Each structure stands twice: as C-alpha cells, then as structure tokens.
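Hello,

Here is the structure I promised to pass on to you. Have a look first, and then read my notes below.

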There are 2 protein chains.
Amino acid sequence: MINDEISDNMRLHGVLTKEKYVKHLSVDCTIFSVQDARLKVLLLNWQDVEYWSLPGGFVKEDEDLDEAARRILYERTYLDNIFLEQFHTFGKVDRTSLKLSKDFLKARNLTFPDDHWLFERFISAGYCSLVDYTQISVFPRYNNESGKWFDLDKLPKLAFDHKEIVKKGSEYIRKNIDTQIAASNLLPEKFTMNELQSVYEAVLGENFRRNNFQRKILAMNFLERLEKLYDGSANKAPYLYRFRDVR
Amino acid sequence: MINDEISDNMRLHGVLTKEKYVKHLSVDCTIFSVQDARLKVLLLNWQDVEYWSLPGGFVKEDEDLDEAARRILYERTYLDNIFLEQFHTFGKVDRTSLKLSKDFLKARNLTFPDDHWLFERFISAGYCSLVDYTQISVFPRYNNESGKWFDLDKLPKLAFDHKEIVKKGSEYIRKNIDTQIAASNLLPEKFTMNELQSVYEAVLGENFRRNNFQRKILAMNFLERLEKLYDGSANKAPYLYRFRDVR
DNA sequence: TCAAAAGTGTTATTGGTACACCCATGT
DNA sequence: ACATGGGTGTACCAATAACACTTTTGA
C-alpha cells in the first residue's frame, strides 16, 4: 500500500517532468451524475488538503484539446466513449494560487523547483459530461486521493475557481439537457418514460406532470417506442423507449 | 510611409521578443457589424498574403484572458467599452500551419528563429462582439495590413481554422441576439422600433412583421418607451425607445 | 376486486403568426 | 385629401399546463 503510493507519486512526478505538456494550459472536467434523484458533481480530494477540486489535467503537446479532455476523463473514471463538451475557458490571471498548488504537491510528497511551470499562471478549458456513476469502475487514480459526489448546493471548499467552473458547467448541462441526456449513458439502452422523466427532473431540479412530460418529449421525436415492460409490478406495463439516432 | 512600415514591423518584432506572453495561447476576435442590412465580419489581410484572418493576438502573462480580448479589440478598432463575449476555445493540434505562419511573418519582413514559440502549436480562445462599424475610427494597425467587412456567405480564403471560428462566432451571436444587440453600440441611445427591427433582421437574416416584432420585443420588457420622433416625414411619428438597464 | 401506475383525452391558457384596420403626419 | 408608415386589435393556430378519466397489471 505504501509502496503503491510511492510509486504512484513517482510516476506522477516522472510524467510531469518528462512528458511534454502545453504549459499554462489545463483542462478541468465537471462530471455530473444523478444520485438520489439529484444532480451531483464529482470532486476529488487529496489527503491532508483542505480543498476539493475538479478532476483535471494537462494537455499533451501532440494532443487535441478535446482529446485531452477525453483522456483525462478516462484516467479519472475509466469511462470511455463518453459525450464530453467544452463549455467555457477560464483565464483570470489569479485564478490559481501558488500556495494552494504547493500544498497539493506537498500532499503527494512531490517537489518541483520554484520556477517550474506548474507554479505559473494557468488557463483552463472547462469540459462537462453527464455519466452514470454506477458505471464508473475505479477512481480515484492515486491512493491518497479520494473522490466523492456532491450536491450542487452543498459543495465543500473548492480549490482555485473551481466553484465558478462547477456553476458554469451545471448551467451548460441544464441548458443543453436534451442532447446531454440523450448522449449520456445515464439510461440503459431501453428505458421507460418514467425513468427518463426522473433524470430530467433530477438534472433540472423541478418536477413535471407525467402526461405533459410524455407529450413534450414525444413531440421532440427522438424517441422510438418499443415493446412493453412487464416487471411483475401490479400495474399497467409501461412502454419501453429507445433514443432514435444511434450514438 | 516606408519608414512607418519599417518602424511598425520593428515594433512588432520587439514586442514579440521582449514582451512576456503566455505561449501557445492566442485570442481571436470575431467582430460583427451590420452593413447594407447584412451581418458582416471584420477580416484582416496582409499585403502579399493570400489568406485573410481574424483580428487576433496574444495574451500577456499578467493579463486576464477577457482583458486580452478587450485589448486586442481596442488595438484593432480603437473601440473601447465594448461588450465582448467568449464563445469557444479552439484546440486542435493542427489548427495552425507552420508554413502559413512563416508566410505571415515574411510578409512583414519579420524573422524569428525556427524554434520560436510562434511556430509551435496554438490554442485560441474565440471572442465575439457586435459593433457599429461607423464608430471604428482607425484600422488596420499596420501599414501593410488592410481590413475589410465580409458577408458571411462570401468569405475569402481564411487562414488556419478561422472559417470555423467565424461560423461558431456567428452562431453564438445569433443564439444570444437579445443580449448582444442590447449590449452593442449598434443603435444610438434612443431609437425607433423600426431601427431595432432592422438590426434583428440583419443579424438573423430573416424578416419579421412589424407588429408582431413589436409585441414580442415589448413583452421581453427591456425597452422603455420615450417621446415620439418627429423627423419631418409624412407619416405618423414613431415612438423612441431606450434599453431599460443602463450598460 | 383493488390499489398502483400507465395511457389517453379534454379544456384552458399562453405565445406566436397572419391579417385588418385605424391614426398621425407633411406635402 | 392622400399616400406613407406607425400603432393597435382580433382571429387563428400550435404548444403548454392543468385536470380528469380509463386501462392494465399482480396480489
């Protein structure tokens, strides 16, 4: 366990010194999911550091920005083939803090020279995705790192400007809810209207009348009605649906 | 004139070698205006270079990304206090081209070592703004550079991925037309409903019925009705309006 | 036969579109 | 008085919201 931890940190140190990254540029992912009928965001925390932060990373020199975001998401969640969208780039000079950056590295027993680019100014591209948290097989990536899902109005202390990033990310998800939900893996291949409605309600944080919801969704014409689902419950069997266009 | 040109280029060279910029990061501005009842975009061209490009620039190390965009817009158009919004960041590895970059510099008689960061990969944050082209006092900035407004469906050959940037920028402007027009300086302090409608029609590229347009706009409740305008024409005097919230 | 949950229908309201009409204004 | 362009009213249609009723299901 201790050995794992050391080797993890060694690996990270090696990666940050040897691998070629685009300096001053990072990607931060706001990964949302639905849990207990609420929209949650995934945050990471390192042992002995007060602040939580978004799963983020750096962009390799030979890697598209979008690719970098996909890779980072994969590294954090082992989720592949996920619909990920850029929503805003955060570029305030003082958005990161030297002290906090050092604390982060100290918590992992990493040291870098004071003039390392890690301590300079960072511009960060924000990406967002809606995922099924039960399909996230393994995180965190490092032993002294922990991940947790947070309610948007019960966020812990966040590093840097990550609170603002989460806010903008969630606004983006809500504004683009139709495509986001359709492209997410939140629902199984086939699902009932009720399940779909629950997801909408969780993401938007408001309730709809089931009949009006059904009409509205069906009018958008991206659902395909399939066979009925007999799940053994003592009521009329609901139809199953599927998103029309294959992703 | 020749002297001016030389000194301009010298200045640019000096700036690019001495001033501290965030490497690999640029800002490109899509500046739109309305001319002949059509939405136009401002493009720049250097003598002896086939390709046109967006007014862009680099971000200083001690400058917010938003600030950089404002500064660049000011440098190009001498427009100040302009509503400028970020809409997307373009990060493909091959979005710039080494050859074209060299051509650009050659056209200005500038030489940089081959390993200069100017020739490396660039990530560019796209900003957009709607402005009154008649209020743009002076551009271009350099003598061998010319600026011109282009119809969106009659674009010339564009450098790098600037065509895509223009497209995304115009989509953003159209999607956010209400705030964009209200925040722009396209209209004078007081204006008639007809003038407002013309701007909407130019930006969206479609026509509306005046009475329905009026209803819709007034329902949004961001206009304040003022006195009537007697301009001497032989018809009923239209009301003047003003945007409610002061910008 | 009953409760639970789904499907479907009906009406009212709202927002937008099309058309019509009247009003003010300078020539 | 008249053409011009602006203001306002009304009828119509589609989308949405609110409410009601019927159907299916396993216990």
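Which atom of B:Asn235 lies 3.0 Å from a sugar or linking oxygen of DNA strand C? The partner on the protein side is a backbone N or O atom of B:Asn235. This pair is a polar contact, meaning a pair of N or O atoms within 3.5 Å (within protein, one must be able to donate a hydrogen and the other to accept it, and residues adjacent in sequence count only if both atoms are side-chain atoms).

Some ground rules before the rest. This is a predicted model, in which local features need pLDDT of at least 70 and side-chain atom pairs count only at pLDDT 80 or more, while totals for chains, interfaces and linings use all residues. Residues are numbered from 1 along each chain as its sequence is written, chains are lettered from A and ligands numbered from 1 in the order in which they are written, and side-chain values use heavy atoms, with hydrogens and water left out.

DNA strand C

There are 22 residues around DNA strand C, and those that come nearest are A:Asn194, A:Arg210, A:Asn235, B:Asn211 and B:Tyr230. Here a residue counts as near a strand if one of its heavy atoms lies within 4 Å of it. Of the atoms of DNA strand C that come within 4 Å of the protein, 54% belong to sugar and phosphate. The bases are touched too: a side-chain N or O atom of A:Arg210 is 2.7 Å from a base oxygen of DNA strand C, and a polar backbone atom of B:Lys236 is 3.2 Å from a base nitrogen.

Helix 7 of chain A and helix 7 of chain B each supply at least two residues of this surface, and helix 7 of chain A gives the most, with 4 residues. Helices here are DSSP runs (H or I, at least four residues), numbered from the N terminus.

DNA strand D

DNA strand D is also surrounded by 22 residues, and the closest are A:Asn211, A:Tyr230, A:Ala234, A:Lys236 and B:Arg210. Sugar or phosphate makes up 52% of the atoms of DNA strand D within 4 Å of the protein, and bases make up the rest.

- A:Arg215 has a polar side-chain atom 3.4 Å from a base nitrogen of DNA strand D.
- B:Asn211 has a polar side-chain atom 3.2 Å from a base oxygen of DNA strand D.
- B:Lys236 has a polar side-chain atom 3.4 Å from a sugar or linking oxygen of DNA strand D.

The elements giving two or more residues to the surface near DNA strand D are helix 7 (210-220) of chain A and helix 7 (210-220) of chain B. The largest share, 4 residues, comes from helix 7 of chain B. By class, this surface has 6 nonpolar, 9 polar and 7 charged residues. In this scheme Ala, Val, Leu, Ile, Met, Phe, Trp, Tyr, Cys and Pro are nonpolar, Asp, Glu, Lys and Arg are charged, and the others, Gly among them, are polar.

In chain A, helix 6 (residues 193-204) and helix 7 pack at an angle of about 95°, with their axes 11 Å apart. Axes are lines fitted to C-alpha atoms, for helices over the stretch in contact, and angles run from 0 to 180 degrees between N-to-C directions. The two helices of chain A are therefore roughly perpendicular to each other, a label for angles of 65 to 115 degrees. A:Met193, A:Leu196, A:Gln197 and A:Tyr200 in helix 6 meet residues of helix 7 including A:Phe213, A:Ile217 and A:Leu218, where a contact means heavy atoms within 4.5 Å.

Best wishes

Key:
Angles under 35 degrees count as roughly parallel, over 145 as roughly antiparallel, 65 to 115 as roughly perpendicular and the rest as oblique.
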